Amino acid sequence: MKVLVIGTGYVGLNTGVVLAYLGHHVTCLDLNTQKIDSLKQGVPPIYEPNLETMLTLAYDHLTFTTDYDQADIPGTDVVFIAVGTPSNKDGSANLDYVSQAAHSVGQRLNGNFTVIVNKSTVPIGSGNWVATLIRDAYKETHTAPPQSTPAGIPSSLSRETSGGDKSVNLSGGPDSSRSDANAGLLRPAHKNYAIASNPEFLRQGSALYDTFYPDRIVLGAEDPRAIDTLTNLYRPILNQDFAAPECLPRPEGFSAVPLVTCDLASAEMIKYAANSFLALKISYINEIAHLAEKVGADITQIARGIGLDSRIGPRFLNAGIGWGGSCFGKDTAALISTACEYNLEMPIIQAAREVNYKLREDFVMRAQQELKILKGKTVTLLGLAFKPNTDDLRDAPAIDIAKMLLLRGAKVRATDPVAIPNMQNQYPELGIEYYEDPAEAVRDTDAVLLVTEWPIYKKLDWKNILKDGQVKLIDGRNFF
Ligand code: UGA
């Protein structure tokens with residue numbers, strides 16, 4: 001099938017590469033020229049394990065562009081909108097990029113049936129909003145300049161006012177829309193396309209693995225043709241009958257993937273509800289960890305003990321400094337903001353957020369307790385990214401922690417296998433000393449704060465580093 005993916009961030013790029021590997025013809029579009037230039041050279045602009053290898057394997061089925069006109073939207077079966085939806089100040093999702101993408105697609109739709117898929121995490125109800133944007137953009141481009149009707153009403157408007165949304169179908173069947181000869185008539189917009197929601201559950205750091213071997217695929221759409229098209233697109237993943245790449249072998253016993261088909265709003269809500277639940281699970285175990293510390297219990301054993309109950313499950317029960325990243329903080333805030341529009345409170349999710357962000361302060365307080373005075377002390381942060389195997393710093397606890405330490409007069413050093421360049425570019429004002437080599441970073445320091453649990457940190461010569469307790473180790477991830 002012919003696929004267009006708009007946005008080459010973590011979601012878009014991984015999706016595009018996997019679909020191309022499966023044999024679809026994929027165009028990845030991004031307005032950022034630097035990213036596209038880099039991708040054309042086969043170099044991913046983000047760090048994600050195996051992405052470079054997969055990019056090479058799928059390269060023949062991939063095209064990269066910054067230009068919507070080169071993307072052949074009319075000939076495309078599926079368009080994924082996978083652009084960023086950062087948080088607004090009030091916690092709501094900023095949909096400017098989604099809106100721009102929808103508009104650009106709507107203007108270029110024509111002829112063939114195309115499914116436009118919201119892959120970005122968008123607030124509940126966005127599918128309908130995107131449909132409206134596309135319809136309006138479509139109408140803008142496919143309606144002749146206004147001609148006066150006898151009553152003086154522009155012809156396009158008279159159609160619209162006489163028949164509402166349905167009136168856009170006045171020009172007949174899909175075939176008539178293929179010809180430009182019928183300018184002045186609206187093409188049958190809603191016959192040419194359908195909107196779907198296909199939320200993404202991939203985790204950064206294991207994004208390709210999660211895309212090839214997902215727990216489930218969720219498809220939400222009102223138009224059954226959209227569900228059919230997307231089911232066909234994902235067939236190799238659903239049936240697990242593709243040849244697994246060597247770098248990402250199929251897990252033993254992994255077979256058919258469950259498919260959840262539903263309406264648009266339910267699919268959109270599944271995404272928010274899933275992320276909020278995972279966020280809640282982490283905050284829950286962190287709350288238990290606080291009490292465990294007071295009573296002298298071991299949170300790792302507690303997590304194991306409860307996680308083996310299949311109703312609870314063992315994953316996402318690692319206590320520490322809590323969640324970061326581009327998803328949990330943003331999505332919990334957006335869900336609360338949506339609920340607020342309906343005059344609803346979400347006290348459980350609100351509490352999960354409060355517990356989470358307080359963990360960063362608590363961590364700095366622990367360092368202060370250990371060192372007594374932070375002012376003038378050298379403190380080394382092991383890890384900057386919000387979790388291992390990514391260079392992403394969005395909502396990374398390391399940033400808040402570094403800021404609080406600097407505010408208290410500590411001298412902050414930091415190391416990370418891949419995130420240092422991003423930190424230097426995004427936070428040049430912080431005055432942190434960066435070390436590529438973690439062994440250098442921990443030399444002659446007063447305290448080592450484990451922020452991101454990169455496995456390589458286990459291999460450091462801890463006996464020598466800690467100098468019989470003279471150097472404090474504060475483990476933010478229950479890693480050691
Ligand atoms: C998360 C979800 O896990 C994905 O399913 C979802 O697709 C994605 O958001 C998204 O919405 O795009 P991600 O943010 O990449 O994925 O990373 P996670 O592995 O979920 O970790 C999030 C944060 O929680 C990290 O800071 C991690 O260190 C923390 N965490 C995770 C814990 O503190 N404890 C745990 O037990 C697990």
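Me: Is V78 buried or exposed?
Reply: V78 is buried, with a relative accessibility of 0%. One thing to keep in mind from the start: this is a predicted model.

Me: Got it. Which strand is V78 in?
Reply: V78 is found in strand β4, which covers residues 78-81.

Me: And what does V78 touch, leaving out residues up to four places away in sequence?
Reply: With those left out, V78 touches K2, V3, L4, V115, V117, T229, L230 and L233.

Me: Nice. What about contacts across the chain, how many join residues at least 24 apart?
Reply: Taking contacts between residues at least 6 apart in sequence, 73% join residues at least 24 apart.

Me: Zooming out, how many helices and strands are there?
Reply: The chain has 18 helices and 13 strands.

Me: What box do the C-alpha atoms fill?
Reply: Along the principal axes, they fill a box of roughly 90 × 50 × 45 Å.

Me: How many of the 480 residues count as buried?
Reply: Of those 480 residues, 52% count as buried. As for the accessible surface, the chain has about 22,100 Å² of it, and carbon and sulfur atoms account for 52% of that area.

Me: Which residues line the largest cavity?
Reply: Its lining is made up of N118, S120, T121, V122, S197, P199, E268, K271 and Y272. Three residues of that lining come from α11, which gives the most.

Me: How does the lining of the largest cavity divide by class?
Reply: There are three nonpolar, four polar and two charged residues.

Me: Now the second largest pocket. What volume does it have, and which residues lie nearest its centre?
Reply: The second largest pocket holds about 560 Å³ of space. Its lining has 19 residues, and A289, H290, E293, D362 and R366 lie nearest the centre.

Me: Which helices each supply at least two residues of that pocket's lining?
Reply: α11 (264-295) and α14 (347-371) each do that. By class, the lining of the second largest pocket has eight nonpolar, five polar and six charged residues.

Me: Why does K372 count as exposed?
Reply: Because its relative accessibility is 64%, and the cut-off for exposed is over 50%.

Me: And D444, what is its phi and where does D444 lie?
Reply: D444 also isn't a glycine, and its phi is positive at about 50°. D444 lies in the loop between α17 (438-441) and β12 (447-450).

Me: Is D444 buried or exposed?
Reply: D444 is exposed, with a relative accessible area of 55%.

Methods. Residues numbered from 1 in each chain as written. Predicted model: local features only at pLDDT ≥ 70, side-chain atom pairs only at ≥ 80, totals over all residues. Heavy atoms only, no water. 1 Å grid on protein atoms, 1.4 Å probe; cavity = no way out; pocket = protein on both sides within 12 Å on 5 of 7 lines; lining within 4 Å. Points joined across faces, edges and corners; volume = space filled by probe spheres on them. Helix = DSSP H or I, 4+ residues; strand = E, 2+ residues; numbered from the N terminus. Nonpolar A, V, L, I, M, F, W, Y, C, P; charged D, E, K, R; others polar. Buried < 20%, exposed > 50% of the residue type's maximum accessible area, 1.4 Å probe, protein only. Contact = heavy atoms within 4.5 Å. Areas by Shrake-Rupley, 256 points an atom, 1.4 Å probe, with all protein chains shown as cover.
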